[in-house]
Structures are given as C-alpha cells and as structure tokens.
Amino acid sequence: MSPLVVLVADGAISPHAPPSAAAFLESTPGAYTTARASSAGLLWWPRHLLRLADSARILAHSHPHLLGLPVPLPRILSTASLEPLVNQSVRVGVHEMRRRMLAPGECCSGEDMALTALVRASGAKDGLEVCIHLGVYVPPVFGDAGARLAVAGSGREAAAAKYASWARMRKSMEKMRPPGATELLLTNDGDHILEGSITNFFVVCLKEEHQSNEPLSVQTMTDRFEVQTAPLSDGILPGIMRQIVIEACHDLGIPIRKVSPSWSKRESWEEAFITSSLRLIQHVDTVQAPLLWEDIETKTWSDVSWVVKQFQGAGCITTQIQVSCLTEL
C-alpha cells in the first residue's frame, strides 16, 4: 500500500501521486516551513506563517534564484499578503488528508501529520504559488532513541531563510556521514558548531567557574550549568523550536547563552539535544567530529579519523526543557 500523501497547489488538490516530502523539496525552489499537525491542530502555526513570510522576503530580495525568480522581486512580501493564500491551501489539504486517513482499510486515523507549506515563483498574476504537502507522521518517543550526530559540513548560504533547495544542496555532505549517524552538524571552522542540517543544536555545559570534580545536587544544577546554542548572527536558521526552547529556559530559570558550542570545550558538555518542528526535542547520544578539519570537503567519512563525545541518555535539564515545551501545546 502506498503511503498517504496529499499535495495542494493554490487550493487545488493534485490529481497525481505526490512524491515524498524530501523528493518534493529537492525538485523545486521556494521558501518553506514544516509544521506538525496533531489533534490539537497545527503546532505553533502563527510562528510558522511568520517564518515562512520572512524566508520568502529574504529570498525575494537577496537570493531570488532560491525562490525561483530570475531577478529580485521589487514589491514587498508581507505576512498579511501570504497568510490568506497559505491558509486556504492548508485548509483544503488538511481536510483531504483527514478524509483519506478515515477511509476504510486505513489504520492511521489518529496519527499526526507533517505539513510542509512552500511559496515559490510562478507565472500567475501575483507571481507566487503556494504548495502544501502533507503526509502521516509518527513522532518518536522522547528518551527512547537518542540522535547520533556527526560534524560534516559548512554553514548554509542565506542561513536566515528556510528554502527547499537546501534539501538538494546538503546531499554533498552525505559522503561525510559515518554509518549510524542520524544527523549532520555544520561548522565553518571545525570548532564552533552552528546547527544541524535540518535541526538546531544545543548543549548543556558546566559553567567555567564550576568546572571541578565536586558532587552536584539538584538544587545547584541551574547554578552550575548553562544551555548554549549558536546565535542568529553566526549564520543559522531561526528555528521555531529553537525559540520555544529559549523561552522555556527563561521560564524555568535555566541560564542560556547564545554562543556557538565549541567542540574544543566538549569536555564541559554534560548533555546535548537537537530540535525541529516535527521531532520537537530529541536528546543526543553521541557527537563525533573529524580529528582534523583541513580539506574535509575533498574526503569521505572513511578517509578521516573521528573523535567521539558520548552522552548518557536524556539528561535532567534536557528533560525539564522538553516537559516545559510540551505545556505550550
């Protein structure tokens, strides 16, 4: 049985069998956002609309080829102008997807959905086309399986925007993916970790003034540790879940510092996790990086020696943040 997938373009359901979300993104330019739909609705959808409009605006003005435009777009793209176009196609797509999920013979009526909303250039009057791709999504259980990360590539062009062409561009890093690695991390210098290829990256570190062998108590956890994640100014995507984690840390009183985690200081890393709008928060089991970063783009994973940082499951602070984020749903 083929997977349940729906593709909508400007409010019309495609009569053809849609590709997977990954194949769809690889095949087209455009700004996009991917959200998770549950019984509670589209999670953090207003934030996704804002990010989609911001991405389209950045691409239209500075990187038009990534939006499918030959030249920069002279008019200003606003959230107010895109929102009704996007929401119209979202309503059509979600209704059709739920209808199919409830059809006789299907066993996924209660499952979540992954929804990708994409804006690209077209020959229409307004010059833009909205596409909505939907598929069934089974979220992982927090704490069960940790991510296994490998430092494997450089930072993205137009990093502040989320664009479909990255799905094709990032394939060049696959030669550096060691067996078992579930996500690839980006760095421009081999030390400062920016983000994952499809996630944002966080570490929980022992503060420098507390880096000793003294026993830790629960009461002093937030005094001794801080969360670190790369700042937007270093060239990363302003992820939806990244911002929600930052807000959760503020609410919990957990210190958070916007600084790119330093691989050379990995001994102070006690926990690590990645975030995305689909998996939300996933703890990290291992991070590995090449012993030498020089000439990395000309090599494959088997040509280099790797250094591995191991973690012990979902840590206390990661779990606190995850629980706090779930209260936002």
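Figure 1. Strand 1 (residues 5–9) and strand 2 run antiparallel and are joined by two bridges; strands, like helices, are DSSP runs numbered from the N terminus, with at least two residues (E) for a strand and at least four (H or I) for a helix, and two strands pair if DSSP finds at least two bridges between them. Alanine 9 has alanine 12 of strand 2 as its bridge partner. The model shown is predicted, so that local features need pLDDT of at least 70 and side-chain atom pairs count only at pLDDT 80 or more, whereas totals for chains, interfaces and linings use all residues. Residues are numbered from 1 along each chain as its sequence is written, and side-chain values use heavy atoms, with hydrogens and water left out. In the loop between strand 1 and strand 2 lies aspartate 10, whose phi is near 50 degrees, a positive value in a residue other than glycine. Most residues other than glycine have a negative phi. Aspartate 10 counts as partly exposed because its relative accessibility is 44%; buried means under 20% relative accessible area, exposed means over 50%, and partly exposed lies in between, for a 1.4 Å probe and protein chains only.

Figure 2. The six strands follow the order 2-1-6-5-3-4, and their pairing is antiparallel. Strand 2 (12–13) and strand 4 (41–42) are the edge strands, each of which pairs on one side only. Helix 2 packs on this sheet and touches strand 3 (31–38), strand 4 and strand 5 (112–121), and its direction makes about 170 degrees with that of strand 3; contact means heavy atoms within 4.5 Å, while axes are lines fitted to C-alpha atoms, for helices over the stretch in contact, and angles run from 0 to 180 degrees between N-to-C directions. Helix 3 lies across strand 1, strand 2, strand 3, strand 4, strand 5 and strand 6 (128–137), and runs at about 30 degrees to strand 6.

**Figure 3. Strand 3 and its two partners.** Strand 3 is largely enclosed by the rest of the structure, because eight of its eight residues are buried. In a regular strand the side chains alternate between the two faces of the sheet. From strand 3, Ala31, Thr33, Ala35 and Ala37 point one way, while Tyr32, Thr34, Arg36 and Ser38 point the other way. Seven bridges join strand 3 to strand 5 in an antiparallel run, and arginine 36 stands opposite alanine 114 in strand 5. Strand 3 also pairs with strand 4, again in the antiparallel sense, over two bridges, and the two strands form a hairpin with two residues between them. The bridge partner of serine 38 in strand 4 is glycine 41.

Figure 4. Tryptophan 44 sits in the loop between strand 4 and helix 2, and its phi is near 55 degrees, a positive value in a residue other than glycine. With a relative accessible area of 13%, tryptophan 44 is buried. Leucine 69 belongs to the loop between helix 2 and helix 3 (79–101), and it counts as buried because its relative accessibility is 13%. Not counting residues up to four places away in sequence, leucine 69 touches Ala60, Pro64 and Ala121. From leucine 69 to glycine 30 there are 39 residues in sequence and 9.3 Å in space, C-alpha to C-alpha.

**Figure 5. Helix 6 and the helices that meet it.** The axes of helix 2 (residues 45–62) and helix 6 come within 10 Å and cross at roughly 125 degrees. Helix 2 and helix 6 are therefore oblique to each other; angles under 35 degrees count as roughly parallel, over 145 as roughly antiparallel, 65 to 115 as roughly perpendicular and the rest as oblique. Arg47, His48 and Arg51 of helix 2 meet Ile240, Gln243, Ile244 and Glu247 of helix 6. Helix 6 also packs with helix 7 (residues 316–326) at an angle of about 105 degrees, with their axes 9 Å apart, and that makes the two helices roughly perpendicular. On this contact, helix 6 contributes Met241, Ile244, Val245, Ala248, Cys249 and Leu252, and helix 7 contributes Gln320, Ile321, Ser324 and Cys325.
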